[in-house]
Each structure stands twice: as C-alpha cells, then as structure tokens.
Amino acid sequence: MARTVYLNGEYLLENEAKISIFDRGFLMADAVYEVTSVLDGKLIDFNGHTDRLRRSLDELDMKNPISYKELLEIHRELVLLNNINEGLVYLQISRGAPSDRDFVFPNPDETDPTVVLFTQNKPGLANSPAAKKGLKIVSIDDERWGRRDIKTVQLLYPSMGKMMAKKVGADDAWMVQDGHVTEGTSNNAYIIKKNKIITRGISNSILHGITRAAVLRFAKEGQMQVEERNFTIDEAYKADEAFITSASTFVMPVVEIDGNKIGHGKPGSNTSRLREIYLEESKKAAI
Ligand code: PMP
C-alpha cells in the first residue's frame, strides 16, 4: 500500500511527492534529519529529537521552517494515516532548492527549506530477535568529516561501513579513530567492564544520541556506574558486555567484535536489563 508522506505543507501519496533536482539535500547533502521511533502508536523521545533537530539547523545556519507544535502534529498525523503501531518516522529538512547549483548558500529569504517526513512500518521493532541473539561487530577506520555532532544526511561512509560489515558476515561496524572507538555506523557504542558502563563522551566526534542520553540517565537512576571516556578497541575485545543504542534499535547487545567473543558470547545481563528499562520507561513517557 502506498504510504502517505508529508512534503512542504502537504500530505501526499508517496509516488506523488516530488522535489526539485536543484534541492541542496540532493546535490550537496545540505540537509539534516531525525528518526523517531513509534511504539504502541506513540512517539518515543520526541522532545529530544526536536531539540537536536533545532541544534543541527542552528549549527548549519539553516532556517527553522517549522514549529515544535507543527512537527508534533505532522508526526502524529502520519502515524495515524499510515496506521503505524510500531515503526519509525523519518524527518528531513534541506536548505531547499535554489534556481541553480551553487556552493554558496542561497538567500534564506528567497529559498525555503524543503521539509519531508515519511513513516516506516516495522512490526516487531521492540521484540526484535536480534536483541536476544546479539550483534556481531567489526571495527573499521572512522573516515567521516569532523562535525559528526550535526545530524546531516551525509551517510555515504556509514553506509559503506555497513557494507564492509556485511561482506565479512557481521551485522554492523564500530568506527575507530586514533585507536579509540568513536561510535557505530548508525548508533552509539558502549562496553561494560566490572558492571561499569563505559562510552565515549559527547564532542564533535560523535552524534549526541537521544537514546544515549536517555539510557545513561536510566542507568544512573538505577544506581549503575557510568564512565564517559574514550575506550580502545582492545579494551572492547576484553569487555564483559557490549551494546549499542539508537532510536531504531533501542539498546541492542553486541556479542562479538572482530571475531572476539564478548563475555560468554551471549547478550549480557546488564545490557538486557538496560534494554528492558529503556523500553518500559520510554513507552511510559511516549506522546
Ligand atoms: N550515532 C550515529 C552516527 C547515528 O547515525 C545514530 C542514529 N541516528 C546514533 C548515533 C544514535 O542516535 P539516536 O539515539 O538519537 O538515534
């Protein structure tokens, strides 16, 4: 069934929604995005995603064309129109489509941003079999640009990273810079050693994950120890547990890194507990 999507103020069938070939999202990856998960038909961590969206737009001097209230309305409308119980809402805002290709930003008074939203139906998202089995990870060099804190649609390297993982029979890749793990291709990376959760601190080197912020908050509330610091890939090989977080995977165990079994090669108990707490608490707070 064709989805109903949102484009610049209109709800359209997916095959009727069209944007210009001069759109800067298309030509320059001059666009930012957010992905919000939907559980029980409700939006998870919505305020976190809209706050980060505003920050991404500000960092790129891009006009914010849409209010929080409108965004919430559009998200809810798309969830309803497409009958999403479990799934995702993808949102993208580009600097718009000037009349020609040019490296110089168009005058924001003359070129409006392009706003696109669509849903992805994912029944069973919260009950994913991967959460019981755990992921196999390979490490790759981090070859992305320096402003990974801005959530832009420049996703070619992360996409290549997923393909490198797939090629060797792994599920995903962790990226390594100067010997330290930055993050996963589309998620934040964690290890647990002696019941302490270790994850890289916030900087321009990683995306400030919305799920990360929530999980670390729940962990601290649950009296778990959290240490935000760089860790090496060798440290990860010897960890008791490892996991990733993202809006679409929540908390997902990692059971193997570069062929090294993590812990007993099964999802760790702290990780499973964190996943349960995250799902329970974020469903309670969903809007
Ligand atoms: N890091 C990167 C590089 C990502 O692409 C994502 C997912 N968009 C994350 C981390 C996780 O962020 P969030 O929890 O907000 O989905």
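How many nonpolar, polar and charged residues does the lining of the second largest pocket have?

**Figure 1. Lining of the second largest pocket in the predicted model.** By class, 11 nonpolar, 3 polar and 3 charged residues make up the lining of the second largest pocket. Of the 17 lining residues, Asp-45, Phe-46, Gly-48, Arg-217 and Ala-285 are the closest to the centre of this pocket. The space within the second largest pocket amounts to about 280 Å³. At least two lining residues come from each of helix 2, helix 6 and helix 8 (269–284). Helix 6 is the element that gives the most to this lining, with 5 residues. Domain 1 (4–121) and domain 2 (130–285) are both represented, each with at least three residues in the lining of the second largest pocket.

**Figure 2. The largest pocket, which lies between domain 1 and domain 2.** This pocket holds about 810 Å³ of space. Its lining comprises 37 residues, and those nearest the centre of the pocket are Tyr-33, Lys-151, Leu-155, Thr-185 and Ser-186. Two or more lining residues are given by each of strand 3 (31–39), helix 2 (46–59), strand 5 (87–94), helix 5 (156–167), strand 9 (180–184), helix 6 (210–221) and strand 13 (241–246). Because domain 1 (4–121) and domain 2 (130–285) both give residues to the lining, the largest pocket lies between them.

**Figure 3. Composition of the lining of the largest pocket.** The lining of the largest pocket has 15 polar residues, together with 13 nonpolar and 9 charged residues. Among the elements, helix 5 gives the most to the lining of the largest pocket, with 5 residues.

**Figure 4. The largest cavity and its lining residues.** The model has 1 cavity of 30 Å³ or more, and the volume of the largest cavity is about 30 Å³. The residues that line the largest cavity are Glu-34, Thr-36, Phe-46, His-49, Thr-50, Leu-53, Leu-71, His-75 and Leu-91. Strand 3, helix 2 and helix 3 (68–81) each give two or more residues to this lining. Helix 2 gives the most to the lining of the largest cavity, with 4 residues. By class, the lining of the largest cavity divides into 4 nonpolar, 4 polar and 1 charged. Phe-46, which lines the largest cavity, is also among the residues closest to the centre of the second largest pocket.

Methods. Residues numbered from 1 in each chain as written. Predicted model: local features only at pLDDT ≥ 70, side-chain atom pairs only at ≥ 80, totals over all residues. Heavy atoms only, no water. 1 Å grid on protein atoms, 1.4 Å probe; cavity = no way out; pocket = protein on both sides within 12 Å on 5 of 7 lines; lining within 4 Å. Points joined across faces, edges and corners; volume = space filled by probe spheres on them. Nonpolar A, V, L, I, M, F, W, Y, C, P; charged D, E, K, R; others polar. Domains from an automatic or database assignment.
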